[in-house]
There are 2 protein chains.
Amino acid sequence: MKVRLEPAPIRGFRFAGVCAGLRNEPGRKDLGLIVTDWPVATAGVFTSNRVKAAPVIVSRERIKRGHLQAVAANSGSANCFTGKAGLKLAHDSAKALADELGCEHELVVPCSTGVIGRLYDLEHYRAGIRAAVDALAPDNLEQYARAIMTTDTHPKMVSATLRLGGALVTIAGCAKGAGMIEPKMATMLAYLVTDAAIRPPALRRALTEVLPTSFNAITVDGDMSTNDTLILMASGAAGNRPLDARDLVKFERALTDVAGALARELVRDGEGATKLVTVEVRGARTAAEAERVARQIANSPLVKTAFFGCDPNFGRIAMAIGKAGVPIDLDRLEVDLAGIKIASHGALHVEALDAAALKMKEREFSLTVNLKAGKAKAQMMTCDFSFDYVKINAEYTT
Amino acid sequence: MKVRLEPAPIRGFRFAGVCAGLRNEPGRKDLGLIVTDWPVATAGVFTSNRVKAAPVIVSRERIKRGHLQAVAANSGSANCFTGKAGLKLAHDSAKALADELGCEHELVVPCSTGVIGRLYDLEHYRAGIRAAVDALAPDNLEQYARAIMTTDTHPKMVSATLRLGGALVTIAGCAKGAGMIEPKMATMLAYLVTDAAIRPPALRRALTEVLPTSFNAITVDGDMSTNDTLILMASGAAGNRPLDARDLVKFERALTDVAGALARELVRDGEGATKLVTVEVRGARTAAEAERVARQIANSPLVKTAFFGCDPNFGRIAMAIGKAGVPIDLDRLEVDLAGIKIASHGALHVEALDAAALKMKEREFSLTVNLKAGKAKAQMMTCDFSFDYVKINAEYTT
C-alpha cells in the first residue's frame, strides 16, 4: 500500500471550501464542509488542553454517539474563550448546516481555528454555508483543506487504497496546523475519511491505535492548541464484507501509515521550519521513559536552533536527554546524528562532527539516541527553530 | 536595605579573573578564583539534570562537609560528558589551586562552563592558576564575574549591606548564564559571598529558602544546564555575634533580595532578550499548581515570540494556561498584561488590547493571571524570544 500526498475521490463523501468573509482577507477560503449522504460511523479525539474551544466542547459530546453526517470547519476565529456566546455560536453554526442539509442537528459538528477570544459573524457564516453546500463535490477535498489553513503554507492531504474485506477501500485525510503544535493530541484540525464499512467501536479503537505514532508523535513548538480535533469518518460505500479481526489489523496498519504521513506533513510545514528531524530514542527501560527523553530533545529550543544552524551540537542533545529525569548511564549512551555516530562509550567523537554537520544540511535527517538500558523505544517528528518561526509569531497579531 | 547592581569589597574574600588560554579567544578571561584566608562555612546547590558535568560531581561531594577555602571556575569547556578523564581533570584542576594556596585539596571546588564533550588543557590551566593567584585581590569580583562569562553580554554582580548580629554585614554575588536556563536549579554558575559569621546548617537552610523565588524562578529557554551550580560562602570576617532566630530570618530576607536581583540580571541578559517579563499566577489552589501554570506561560515559545512582537496575544496565554493541566474556570479567570486588564468574566477585553500593546513596548512589564480558585501564587521571570536568540544559538557552534 502506497500513501500518496494528494487527495483521492472517496465514495460516500462530498467536500467544499468557500470564502465566507470570516477573516479579513478578501477571497481567502475560510469555511469548509465534509458531508456524507447518510449518517456514517465516526470517531474523534480532541485536545487535552484544559482550555477548550466551544466547538471542541460541542463536537466531543456529539461524536460520542458514533455517527455523524457532516463537519463544518472555519478558520479566522478559534471560538475559544468566548463563554456562553461562543457555545451558542458553535451550536448555531452546526444548526445552519443541518438545516441546509435537512438532517438532525446532532449529526453535524462544528470545528474552528484561528484567533482566540473572538466570535465570528453568524450571518456571514450562514451565507457561507449556503454557498458551500452548493459547491459540494466528491473531488473537492483540496478546497476543504485550503479553507482550514491558518499559518500553513500549503494544504496537506494524503490518500491510500487497499483491498479489504473483499473490496477496494480508500482512506484519505487532510489536516492543518503549523504552530501551537505539540501532541496529546496535536494538529489543531485533522480529518480522516474512508469508504470502508466499519463500525464505531472498531473505528474508535483504530484511532487510538494510530495516535501514538502519528499525531501524538509530532511537535513544532511544544505548545498545545485549544482546538485540536481529529475526526475519522467511515462511509461504508466501498461495500466490503464485515471486517474480521485480521481485516481490522490490516485497516489499522493502513490508517497508521496514512495518519503518520499526514502528521509528517504538518511538521514539514511547521512555522518557519527548514528541517524535518525524526528523533528516535531506543534502548529505554520503558516506552514512557523513551517518550519522555524523545520529547525533551524534540522540544528543546537549543537543540532546535542547532538543527537550524546545521550544528552537530552534542552538548545540547546531552542536556536535553538529562533534563528528562530518566536515569542515564553516560558510558553506554550512543548518539547518531544524521546517520553519523557522534558519541559512544562515554566520549564525543570530535572527528565525526564535520561529517555530521554536512549531513545536517539536508532537508530531512534523523537523530537516534540509544540509552542501552532496555528494549523500549519512542519516536518524535520535529522541525528546527528558525528566524522565520520568530518572525511569523512576532508578527501574527491578535 | 538596598541591593546594588555592582560589587562591594567583602572581608575575608579575594577574587581574580585571568586569561589562561582555555578558549580560542586571545585575551579573553577564562579562569576565575574565589579564595578565602581560611576554610569558611559554605553551602551549595547543583543541577538536577541527570547528565551532570564532572566538576558538579566533584563539587557536590566536597561541599557536603560544609566548609571550603576556594573556588576555581573556568569558561570555554563545561567538562561534561568527558568520562573518567573529565573527573580526573576536575580533581587535578582543584588540586592545582590547592597546591598553589597550600591548603587541603578537598577544600577547593572546580566549576566549569562552556562547550560540552571536551576537555581543556591542564597545562594552560595550571599556568592560569599561578597567574590568577598572583592577581588575587579583595576588590576583584568583577574580574571573576568576567572570567566565567560565555554568551553573556556583560558581567552580573550584586551587593547589599545590612546590620546583623551587632555588625555591618555585606552580601555580594555574581553569576553567569544567558541560555540553557531553566531552573531547578538554573543559572549555570552563581556565587554568593558574605562576611557574616553563620554556620553551615543555617547557610544551607538559607540557600534552600532563597531558591524558589530567585534562581528557581527564572527561565530563558526552558533548557536546563548540565553544569548549574550555586555556591554560598560566609567568611565570618564581619565579626557579628552568633545569629539568633530573628537574625537568621533577617539574613534570609537579605539573601533573598540579593539572589533575586542576581537572578533577574540573568534573565535581563538572556540570549537575544529584549524584554524582561514577570509572570505572576495568583488565586491557585496550591503553590505547585500556580508554579505549573507560571512555568507553562514563561516557557511557551508562542507567548515569548508574542512578547517580542509587543503583541497582547491573549489566545497564546490562554493556551499556555490550559496546557498546565490545572483545572481552570474560564468564567473567573482574570489576566492583566503590562498593567492592563485584558480578560475577565469569561471575555476578552478587545478594546483594551491597543493600550496593552503600547505598554508592552517597554523594556520590562508583568503578566498577572488570577485563577480565582484559591490563595496560592507563584512568580517566574522570563524574557522574550527574539531573532537574536535564534541567531546566537544557530551560530554558536560546538
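Analyst: A disulfide is counted where two cysteine sulfur atoms lie within 2.5 Å of each other. This is a predicted model, in which local features need pLDDT of at least 70 and side-chain atom pairs count only at pLDDT 80 or more, while totals for chains, interfaces and linings use all residues. Residues are numbered from 1 along each chain as its sequence is written, chains are lettered from A and ligands numbered from 1 in the order written, and side-chain values use heavy atoms, without hydrogens and water.

A:Cys80 is in none, and the nearest cysteine sulfur, that of A:Cys111, is 14 Å away. A:Cys80 has 0% relative accessibility and so counts as buried (under 20% relative accessible area, with exposed over 50% and partly exposed in between, for a 1.4 Å probe and protein chains only). In chain B, the sulfur of B:Cys310 lies 14 Å from the closest cysteine sulfur, in B:Cys383, which is too far for a bond. B:Cys310 is likewise buried, at a relative accessible area of 15%.

Turning to how the chains touch, contact, meaning heavy atoms within 4.5 Å, takes in 57 residues from chain A and 57 residues from chain B. Between these chains about 4,800 Å² is buried, with carbon and sulfur atoms giving 67%; this is the accessible area (1.4 Å probe) that two parts lose on being put together, summed over both. Across this interface there are 0 salt bridges, a salt bridge being a side-chain nitrogen of Lys or Arg within 4 Å of a carboxyl oxygen of Asp or Glu.
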